[in-house]
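Dear colleague,

Please find below the structure that I am handing over to you. My notes on it follow directly after.

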Amino acid sequence: MNPNELKKAVGSGLLSFPVTHFGPDLTFDEAQYRTHIEWLAGYGAAVLFAAGGTGEFFSLNPAEVPQVVRAAKASAGNTPIISGTGYGTSLAIDIAQAAEKAGADGLLLLPPYLMFAEQAGLIAHVKAVCQSVGIGVIVYNRDNAVLSADSIARLADDCPNLIGYKDGVGDVDKVIEITTTLKDRLVYVGGMPTHEVYAQAYFAAGVTTYSSAVFNFVPTLAQRFYTALRTQDQATVDHILKTFFFPLVALRNRKKGYAVSIIKAGLRILGRDPGPVRPPLTDLTTEEMAALEKIIAAAG
């Protein structure tokens, strides 16, 4: 898939980040992961992100990323697969090139490890990764990698395969500046944790798609909510927010790292156990699992 084709695909519908399956010994469980990808691909996601944030990119070693990508590509049918990459520039390039070789249709460039940097350094980092591959790249604006509208514009001029901007910061005024400046040069993706609770504000800012983590275990509900947003069915939006997303976020916020753990827990409740999260994350307690089960049941 060339970058322009990927850009069109990303903007065409709801996106999701599959969890990465691990066995009891915390090794990658490829068989169960492939089963999960095949199941998710049947629910109409526009694109799936392999080894992304919800897929515990941060706990995968570089050699595991192309393994995950190959497994996703083998199981996703016609659904495009975008791979995570990140860390320092050299390592991000190595992972990006390995993912491209493994068949990834594009890349999500996560923030570099640890260090905060000036705009010139961030521009050099993103540009180096983009120029190291031929597939499309989406830059993830969050944490220690927050690019200004001017920086994004410079990168869009210098990197033809930079096709998207994903926001995980939540400063809607800055998002509006970027979407107004770049217009349709990029595709814009919402990337806040449990983005559904922010989606209405982002839609107004010109960000009309987002990555849904809950798609992992309630794909029909996730698509129903997305459709309600797109069709301005406010009654359905409000109902799903009140009965599902607000209680889910309250449970997620109990402990650090639960944005990933709660998604694996949801699959476990449905009988599609993805295995544990890898340290330093922790799994939900028995009491929290029971609370999540009630939330899922109440949402139907």
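Two strands are taken as paired if DSSP finds at least two bridges between them, and helices (H or I, at least four residues) and strands (E, at least two) are DSSP runs, numbered from the N terminus. On that basis, a closed barrel of 8 strands runs β1-β2-β3-β4-β5-β6-β7-β8, with parallel pairing.

Please note that this is a predicted model, in which local features need pLDDT of at least 70 and side-chain atom pairs count only at pLDDT 80 or more, whereas totals for chains, interfaces and linings use all residues. Residues are numbered from 1 along each chain as its sequence is written, and side-chain values use heavy atoms, with hydrogens and water left out.

Barrel strands

Strand β1 (residues 15-16) runs parallel to β2 and is joined to it by 2 bridges; serine 16 stands opposite leucine 48 in β2. From strand β2 (residues 47-50), Val47 and Phe49 point one way and Leu48 and Ala50 the other, and all are buried, where buried means under 20% relative accessible area, exposed over 50% and partly exposed in between (1.4 Å probe, protein chains only). Further along, 4 bridges pair strand β3 (residues 81-85) with β4 in the parallel sense, and isoleucine 82 has glycine 106 in β4 as its bridge partner. Strand β4 (residues 106-109) is covered on both faces, with Gly106 and Leu108 buried on one side and Leu107 and Leu109 buried on the other. Strand β6 (residues 162-167) and strand β7 (residues 187-190) run parallel and are joined by 4 bridges; glycine 164 stands opposite valine 187 in β7.

Largest pocket

A pocket is defined on a 1 Å grid over the protein atoms alone: it is an open set of points where a 1.4 Å probe fits, with protein on both sides within 12 Å along at least five of seven lines, and lining residues have an atom within 4 Å of a point. Grid points are joined across faces, edges and corners, and a volume is the space filled by probe spheres set on the points. The largest pocket has a volume of about 800 Å³. Of its 34 lining residues, the closest to the centre are Gly53, Phe58, Leu110, Arg142 and Asp143. Helices α10 (234-252) and α11 (258-269) each supply at least two residues of this lining, and the largest share, 4 residues, comes from α11.

Aromatic contacts

Rings of Phe, Tyr and Trp (its six-membered ring) pair if their centres lie within 6.5 Å; planes under 30 degrees apart count as stacked, over 60 as edge-to-face and the rest as tilted. The whole structure contains 10 aromatic pairs. One of them is the edge-to-face pair of phenylalanine 203 and tyrosine 226, at 6.5 Å centre to centre with 80° between the planes. Phenylalanine 203 lies in helix α8 (residues 199-204) and tyrosine 226 in helix α9 (residues 219-230), so this pair ties together parts that are 23 residues apart in sequence. Phenylalanine 203 counts as buried at 18% relative accessibility, as does tyrosine 226 at 6%. Phenylalanine 244 and phenylalanine 245 are also edge-to-face, 5.0 Å centre to centre with 80° between the planes. Ring pairs link Phe217, Phe225, Phe244 and Phe245 into a cluster.

Charges over rings

A charge sits over a ring if NZ of Lys or CZ of Arg is within 6 Å of the ring centre and within 35 degrees of the ring normal. Lysine 166 lies over the face of phenylalanine 49, 5.6 Å from the ring centre. The charged end of arginine 272 sits over the ring of tryptophan 39, 4.1 Å from its centre.

With kind regards
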